[in-house]
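Hi everyone, thanks for having me.

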Amino acid sequence: MVSMRCNCLTLTLPLWTICNSDVLQSVFLNDPRDNFEEREAAIKLRERIEEKELLLEFLLQIQQKKQEAAAKLHDSICCLSSDVEEVMKQQKILKKKGGLYVELNKDDHSTLEKVDHPSLDLVGYEDSTSLVSRKRSRPGLQINNVKEFDENLGGGQKSETRTENQESILSKRSRLMKNFKKLESAYFLTRCRPIKLTGKPLTRCSPISSNGRGSAVITEGSSVDNLISKEGYGEARKSGWINPFLEGLCKYLSFSKLKVRADLKQGDLLNSSNLVCSLSFDRDREFFATAGVNRKIKIFECDMILNEDCDIHYPVIEMSSRSKLSSICWNSYIKSQIASSDFEGVVQVWDVTRSQVFLEMREHEKRVWSVDFSSADPTKLASGSDDGSVKLWNINQAILLLHLVDVSFDKRTAGGSIGTIKTRANVCSVQFPPDSGRSLAIGSADHNIYFYDLRNTRIPLCTLIGHSKTVSYVKFVDSTTLVSASTDNTLKLWDLSTCTSQVLDSPVQTFTGHMNVKNFVGLSISDGYIATGSETNEVFVYHKAFPMPVLSLKFSSTDPLSGREVDDAVQFISSVCWRGCRRHEELKGKDKFDHMYHRKKGKEKKGTERIVYVLPMCGEGQSNYRIVCSRNSD
């Protein structure tokens, strides 16, 4: 039995005495390890390949972008070369007409050849701007022109004229270089817009313009890719942009700053607020009217405010209303008529000479935000309300109706509007075109502008889409162009002649720089200049040709204790109005504009109107200024 146990032990011992190395060298365990190392190497190789592919993709993306940039830059240079050549041709034609033509010297020819060659070497921005400045100056040519021009003048006028011209040119050149980047962007935006050929309007909306002509067809958001002239545009495409851009450039460079000219101070102690909601000048630009939450229409003589320094200014006429006033509009033909709208939905026409209401319309159900007389037909009046309706009125018809029913003068309440336009949202603004009483533009709280032919008010002739918030104002620049203001911090310029369908979603221009997110800050237009207020207590002036502000002026409050000027976040501009050309000055060829704006502040009981010059580039002559007036409703 013992031996049998020993045999058993001898048989089992080899199982316990197997080496670890033998186990590690077994095929069963080595195969998985080899496979793992191969997989790990394959993974690392694949990662390296992917890294190379990522680097290659990055380099290809850079290459593509640079090639695109180079193509755009080449197109830009070609475009600039063509434009320089075209402008020089036009300049030579003008010099021939004026008897000031001078043969281009060698320097001019070399300049032209250099510009025409698209492969010229590129320099940095700093050097390129100085090069542009040097080319633009062309001192030799300027001296010859000045000499020839002086020969046509009397001896006493030579030096004076030369000095004024040189000062004006230097001032404009300085402002040009200071705003070079902005103007460069504006140039390319203008240059890449398609130009509509004269005599071939692209619109079905013939009632828009009385002369049948349309303005330039322009689209927003274009890029330098579209700079190259396309087949079919020809010479109109090549040179059609020059005059509009040149006009805008000259207007942009004409004035240097805004300056406060006068404060109109009122002692209205019985009203807790003097917020002015609307401003308007009379037909001859001699008087202006203010209206707002103090329930009063006050009329002031503008020149008296400008020329007399008083502690308190009193209106020449004051008319009281039963409700807070939201809007006023002076009849452009009948000097004694002012229309007003109030917070109770009443539209009134006032007789200024009698200082009382002679016509009252009560068809609106809610607050009326806007009223407007037609300039082409001064008997027509439009009103827009929170009830979503626009009412059209005929003043003569309303007066005739009152005479037929024999209503006493102090109870004249007319009914029977001649038309109603129903919209889906609150109506914030209405305006007639300057040359027609048969069309109307409407600014709505649904973010859109509607343009109606009043001979068919069932559907709008065109709907302008582009704002993202309430449209607070619409104003016409001319018969086919209008500007809209919105609480989305933008103004937009629209060309109605491009409306080929019922929807227009491409504004000509979008103006940014001011702040407007919740209040009505005013909008006024004159001679292409667009004025608006801002909730930053500033007034901004734009020109229709460029999207950036031409001028701006920020106001500060005066601390009653220290007398120092401090910023007040509560204040904002609530109304603006250009004075425009007065008739007797227009006949003399003068360029005089006034601009009024109202500034709202806290809860004090007196207010001030502020009149501000827009100063010319050179000097402060009375024959070439613009004025702004603001009410500080404290």
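This is a predicted model: local features need pLDDT of at least 70, side-chain atom pairs count only at pLDDT 80 or more; totals for chains, interfaces and linings use all residues.

Residues are numbered from 1 along each chain as its sequence is written, and side-chain values use heavy atoms, with hydrogens and water left out.

Helices (H or I, at least four residues) and strands (E, at least two) are DSSP runs, numbered from the N terminus. Two strands pair if DSSP finds at least two bridges between them. As background, strands of a sheet pair through backbone hydrogen bonds, either parallel or antiparallel.

Let's start with strand S7, residues 337-342. Is S7 enclosed or open to the outside? Well, 6 of its 6 residues are buried, so S7 is largely enclosed by the rest of the structure. Buried here means under 20% relative accessible area, exposed means over 50%, and partly exposed is in between, using a 1.4 Å probe and protein chains only. Gln337, Ala339 and Ser341 point one way from S7, while Ile338, Ser340 and Asp342 point the other way, and all are buried.

Who are the partners of S7? On the one hand there's strand S6, residues 325-330, which pairs with S7 in the antiparallel sense over 5 bridges. Trp330 stands opposite Ile338 in S7, and a hairpin of 6 residues joins S6 to S7. On the other hand there's strand S8, residues 347-351, running antiparallel to S7 and joined to it by 5 bridges. Ser340 has its bridge partner in S8, namely Gln348. S7 and S8 also make a hairpin, with 4 residues between them, and Gly345 in that turn has a positive phi of about 90°.

Next, an open sheet. Its 4 strands come in the order S10-S11-S12-S13, with antiparallel pairing. The edges are S10 (368-373) and S13 (419-422), each pairing on one side only. Neighbouring strands here are turned by 15° against each other on average, direction ignored. For that angle, axes are lines fitted to C-alpha atoms, for helices over the stretch in contact, and angles run from 0 to 180 degrees between N-to-C directions. Inside this sheet, 4 bridges join S12 (residues 389-394) to S13, and Leu392 has Gly419 in S13 as its bridge partner.

There's another open sheet, with 4 strands in the order S23-S24-S25-S26, also antiparallel. S23 (523-526) and S26 (551-554) are the edge strands.

Now a helix. H10, residues 242-253, has 12 residues and reaches 16 Å from its first C-alpha to its last, close to the 16 Å expected at 1.5 Å a residue. That expected span is 1.5 Å times one less than the number of residues. Among the buried residues of H10 are Ile242, Phe245 and Leu249.

Last, the cysteines. How many disulfides are there? The count comes to 0, where a disulfide is a pair of cysteine sulfur atoms within 2.5 Å. For Cys78, the nearest cysteine sulfur is that of Cys79, 8.7 Å away. Cys78 is partly exposed, at 25% relative accessible area. Cys329 counts as buried, at 11% relative accessibility.
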